[in-house]
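Work through these exercises with the model open. Each task is followed by a stepwise solution.

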Amino acid sequence: MKQAPKLASQAAPRGGRRLWGGPAGADAPTRREFLQASAATSLVIGFSLPQSGRAAVAPAPAGAFAPNAYLRITPDDRVTVVCGSAEMGQGVLTAIPMLVAEELDADWKKVGVEQAPVDAAYNNPMFGMQATGGSTTVRAHWEPMRKAGAAAREMLVAAAAAQWGVSADQCRTELGQVIHSSGKKLSYGQLVAAAAKQPVPATPKLKDAKAFKILGKPTKRLDTAAKINGTAKFGIDAQLPGMLVAVMARAPQPGAKATAVNDAKAKAVKGVQQVIPLPSGVAVLATGYWAAKQGRDALEVTWDLGPLATLNSATVSGALLDAANNASAIAKDEGNLKDAHANSAQTLDAVYEAPYLAHACMEPMNCTAWVRGNEVEIWAGTQSQGPAQGILGQVAQVTPAKVKVNTMLLGGGFGRRFAPDFTIDATLLSKISGKPVKLIYTREDDMAAGFYRPASIAKFEGALDAQGRPTLLRIDVGSPSIMAASGFMKIPDSGVDQFALEGIEDNPYDIANSRIAYGRVEPGPQVWFWRSVGHSQNIFFIESFIDEMAAAAKKDPFEFRRSLLGKQPRYKAVLELAAQKAGWGGPLPAGVHRGIAVAQSFGSYVAEVAEVSVAADGTPKVHRVVAAVDCGMTVNPLTIARQIEGAIVYGLSAALYGKISFKDGRVEQGNFHQYPVLRMNEMPKVEVHILHSTEGPGGIGEPGTPPIAPAVANAIFAATGQRIRSLPIDTALLKKA
């Protein structure tokens, strides 16, 4: 299992860092001093992760049995599981309760869930902080949540045994009841008071997987009804008395500064209350969203873009290629490339490129903040509520424990909502205005706000022997560094950014002579985590080039891969299952062709076969995708299928349309007419086949994305003979094919 990266220690003092001069106890800063300090804060701590303050876990209701922070049982037999992870569609508000309920032997019909407050008790064990990302929720909580349920079950059994005067060994549990061998029964609700007096077992016994009654079974989500009937609350739904709505004219690029602001027309808009400059832009605060947007649109702002004033996509590509040509941070160097090259029967090389990508969450970034004296409260769909508590404590100049984070449902996350920019600005605006403020990014704001999937170029060199076996693989990658941009990771001494090479450095193919290197370059745009991170582009690169090697060897792409996976049984198994279920080698409708790709990411293995046709005008049509997945032991097969389906949609959107481009220092895309996503009429039929596994659980929110682009590109080659070496797919290129 791939481990989460270790975090660099950048914690602020637990009491919070003073952001203005003067001795402790001095008067509060003036607005000017506060803004000056905030500017420094945005640059210094905007992406660092101070320790959160310890906030008390919400006390259990009177009469409830709450043996730990994760569950409580009330006398009416209701079981409530408290989930510390953020729900962004990936199903954690069902998966976490399933883990607890399985070991508790609860009656699933009586299980509910609620969102946890910020507290160290809810830290993600793989991150060491309360945050959701990296497809880690189930992996990280697989054992802790089961132990929480098992501990409660043992305490309930002990309480019943004591009441009956029998040995606990004579009791069993089922559907929320303790049952004695004689047939006597007590419901969990009847035992809450007595169970609360039992000691909490330190090492409760967990079930064997063969005994699971909930885990691994198709289960309806607990949050579906609320989302259908409209009672579910997303960040953008927050409402407070006297709340102002803010829309910002944001800096076009990191480091850009507003040199002149004329707000007269903005202030003339009915409903506009205040215009506030911040380090990241100029905000218009109004009584409602439309007035705030009209006021923002009426602002006249002159920007100094600094060194990025001439940024354009052509220069970005040139910089990436230079970095790849000079890649010197070595991640892998095995065998003898010189001899392998000299003894090869044929060689081939190629250059692949992937663009910057926006996350394009359906719900744009937003946060509602209310700073009252020395207390801060926010309502936001955030993936990083733990770090937010520490960061916003510094922003508002209060101790972290005085920051309350209400985690709302997220209308899409994909890594974007791990960033704190929208929570920082909302908090600043509330503190300065003295009012509760809801900050909303327009779609155009969100698209141009930075935090992009890095653009990347990969140079490949391969060699084959006389039998068509690969003997050499060299890959040089040029891209910006997510590790450096994150603010909470350190690039190792090797100089290799793990995200820039993941999926390439650890590729599964048995090729004796290989060299993989990284060249870092920073063209300027802010880069960030994107669904499946480096795998999203790197699997496109390597799975496309492996296909090129198969073609050069005149071998079937499936069989060629299969022959190189003798030491990788999990890769091989999903590859074979996908090919079998897709009918690889069997007949297809006229004009339809297949492509295949396989990948491992976040501890899970996925192979996908795409069936594609190409119209006369060069437009590709994806008719069917067959996916095989091995994600280890499973929690909810329905969620697995839906996540793979959603990941395919996300990856297809990027492969067919996704691109953030720059001209004269500014982003060219604004809304979905310029940054399209897959429409319903373009959706292929998707089949998901889950491989039974006894391995530890892997992630499932992201692994379905990486294989789809190369599977489609490889099918296009089968259809047209034209290789796709850059994304998004160029239909003009295919029209000529």
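**Exercise 1. Buried charges in a salt bridge**

Task: Decide whether E102 is buried or exposed, then find its charged partner.

Solution. Start with E102: its relative accessibility is 1%, so E102 counts as buried. The cut-offs are under 20% relative accessible area for buried, over 50% for exposed, and partly exposed in between (1.4 Å probe, protein chains only). This is a predicted model: local features need pLDDT of at least 70, side-chain atom pairs count only at pLDDT 80 or more, and totals for chains, interfaces and linings use all residues. Residues are numbered from 1 along each chain as its sequence is written, and side-chain values use heavy atoms, with hydrogens and water left out.

Next, the partner. The side chain of E102 forms a salt bridge with that of K207 (2.7 Å, N to O). A salt bridge needs a side-chain nitrogen of Lys or Arg within 4 Å of a carboxyl oxygen of Asp or Glu. K207 is buried too, at 17% relative accessible area.

Last, location. E102 is in helix α2 (residues 92-104) and K207 in the loop between α4 (188-195) and α5 (224-229), so the pair ties together parts 105 residues apart in sequence. Helices here are DSSP runs (H or I, at least four residues) and strands are E runs of at least two, numbered from the N terminus.

**Exercise 2. A salt bridge between strands**

Task: Which strands hold R515 and D476?

Solution. First, the contact: the R515 and D476 side chains meet in a salt bridge (3.1 Å, N to O). Then place them. R515 lies in β21 (residues 513-520) and D476 in β20 (residues 470-479), so the bridge ties together parts 39 residues apart in sequence. Both R515 and D476 are buried.

**Exercise 3. Helix α17**

Task: Check the length of α17, then list what its buried residues pack against.

Solution. Helix α17 (residues 569-582) has 14 residues. The expected span is 1.5 Å times one less than the number of residues. That gives 20 Å, and the end C-alpha atoms are 20 Å apart, which agrees. Buried residues of α17 include Y571, V574 and L575. The buried set packs against α16 (557-563), β22 (593-601), β23 (604-614), β24 (620-630) and β27 (685-690). Just after α17, G583 takes a positive phi of about 70°.

Technical notes. Contact means heavy atoms within 4.5 Å.
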